[in-house]
Amino acid sequence: MKIDGVFAGGGVRAFAFIGATQVLEERGYSFERLAGTSAGALFSALLKAGYTSHELMDLMNELNAAKFMDGRKTFLPYKWMKWVQLYFKLGMYKGDQLEQWIDEKLAKKGVKTFADLPADSLKIIASDLSKGRIVVLPDDLPSYGLIPEKFSIARAVRMSSSIPYFFEPVKVYNPSGKKSYIVDGGVLSNFPLWVFMKDGDQNLTRPVLGFRLTPNIDEIPPNEINNAIDMFQSLFETMRKAHDVRYIVEEHAKNIVFIPVTDVKVTDFDLPEEKKDALIRLGRERTEKFLKKWVY
C-alpha cells in the first residue's frame, strides 16, 4: 500500500524511526511522498533515495559523532575557541562533514539533486531567521535565485539540520544580494504535517502517516513556571510548537504515530548501543500498536 510520510525532527532520537519503518516494510507499506524536518529530513531523504530500514540501521551504526564536530582551527585555547566560534560564526561546528556524509550516502543510490527524484516526492523544512519564515525545499528555492533541479539534497538536509548554536547557519543570498541565515527547520516547524495538508490538497486518495518523537499531545505534561527562566523556556517552547500543534487535531492525530522518547537529548551523538537498540524497539512497538487500530 502506498502512503505519504512525515517525519519530525529529533536529532539522534530518530533511531526510533528505523523501528517504525521496519514494521511498515514488513506490512507491505511504501512511501510515495516524504517530508521531514532536521533528523526527519535526513531520514526522509535516505528513504526516498531507496534505502531500506535494514540499510538505514547499518548507516546509523557507522555514524561517527566526533567526525561531525568539525570546529574551525584557531590559535586560541580550546575553551576560548568554542566561544569565539559561537560568537562570530554563530555555531560551534561548521556542519561540512555532516553534509559530505549525507552527499556520499545519497550518491550511492544515484541521488544528488532534487532532479534525481520524482517531482514533489521530497519536501525538506528549514527556517530562514533573516526573513522570519518557514522554508520548504525545493519549493522555495526560486525565491533565492536558486534552481530546484540543480540543488543538492545533502545541502538541503544540512540546512534543515543546522541546530542553532551547535552548527553554523547556512548563508543563502537572494538575487539582490541580501543574505539569509538558514537554520534547523524545527525552530519554526518540527513536524510539517501541513506540507501534505494544504487547502485543496487533502490527499483523499492516499493516506498521510506522521511520526513524532513525543507522547500524544494529551499526554505531554504542562510547562512548570516558577521563575523568569522557566517562563522564558516555556515561551520559546510554546512559540516553537504552536504552528505544528494546530494540525494535530483529532482528525489528523488518528494518522500520527507518537513515539514518546523522553530520556535522550537531540545532541546525544555518543549513544551507547543499548540505547540505540531501545529506541529502535520503541519505534517498532509504537508502530505495531498504532497499525492494529489504524483505519483509513
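User: In this predicted model, which residue of β5 is the bridge partner of Ile 124?

Analyst: The bridge partner of Ile 124 in β5 is Leu 137. This pair belongs to a set of 5 bridges that join β4 to strand β5, residues 133–137, and the two strands run antiparallel. In the hairpin that β4 and β5 form, 4 residues lie between the strands, and Gly 132 takes a positive phi near 65°.

User: Which other strands are joined to β4, and in which direction do they run?

Analyst: Strand β2, residues 30–37, runs parallel to β4 and is joined to it by 4 bridges. Ala 35 has Lys 123 of β4 as its bridge partner. Strand β8, residues 179–184, is joined to β4 by 3 bridges, and this pair runs antiparallel. Here Ser 127 has Val 183 of β8 as its bridge partner.

User: Is Ile 182 buried or exposed, and which residues does it touch?

Analyst: Ile 182 is found in strand β8. Its relative accessibility is 1%, and it therefore counts as buried. Leaving aside residues up to four places away in sequence, Ile 182 touches Ala 126, Ser 127 and Asp 128, together with Tyr 144, Met 159, Ser 162, Pro 169, Val 170 and Val 172. The C-alpha atoms of Ile 182 and Ala 156 are separated by 10.0 Å, with the two residues 26 apart along the chain.

User: Turning to the helices, at what angle do α2 and α3 pack, and which residues meet?

Analyst: Helix α2, residues 39–49, and helix α3, residues 53–61, pack at an angle of about 135°, with their axes 11 Å apart. That angle makes α2 oblique to α3. The crossing of α2 past α3 is right-handed. Phe 43, Leu 46 and Leu 47 in α2 meet Leu 56, Leu 59 and Met 60 in α3. By class, this contact has 6 nonpolar, no polar and no charged residues.

How values were computed. Residues are numbered from 1 along each chain as its sequence is written. This is a predicted model: local features need pLDDT of at least 70, side-chain atom pairs count only at pLDDT 80 or more; totals for chains, interfaces and linings use all residues. Side-chain values use heavy atoms; hydrogens and water are left out. Two strands pair if DSSP finds at least two bridges between them. Buried means under 20% relative accessible area, exposed over 50%, partly exposed in between (1.4 Å probe, protein chains only). Contact means heavy atoms within 4.5 Å. Axes are lines fitted to C-alpha atoms, for helices over the stretch in contact, and angles run from 0 to 180 degrees between N-to-C directions. Angles under 35 degrees count as roughly parallel, over 145 as roughly antiparallel, 65 to 115 as roughly perpendicular and the rest as oblique. A crossing is left-handed if the near helix is turned anticlockwise from the far one by less than a right angle, and right-handed if clockwise. Ala, Val, Leu, Ile, Met, Phe, Trp, Tyr, Cys and Pro count as nonpolar, Asp, Glu, Lys and Arg as charged, and the others, Gly among them, as polar.
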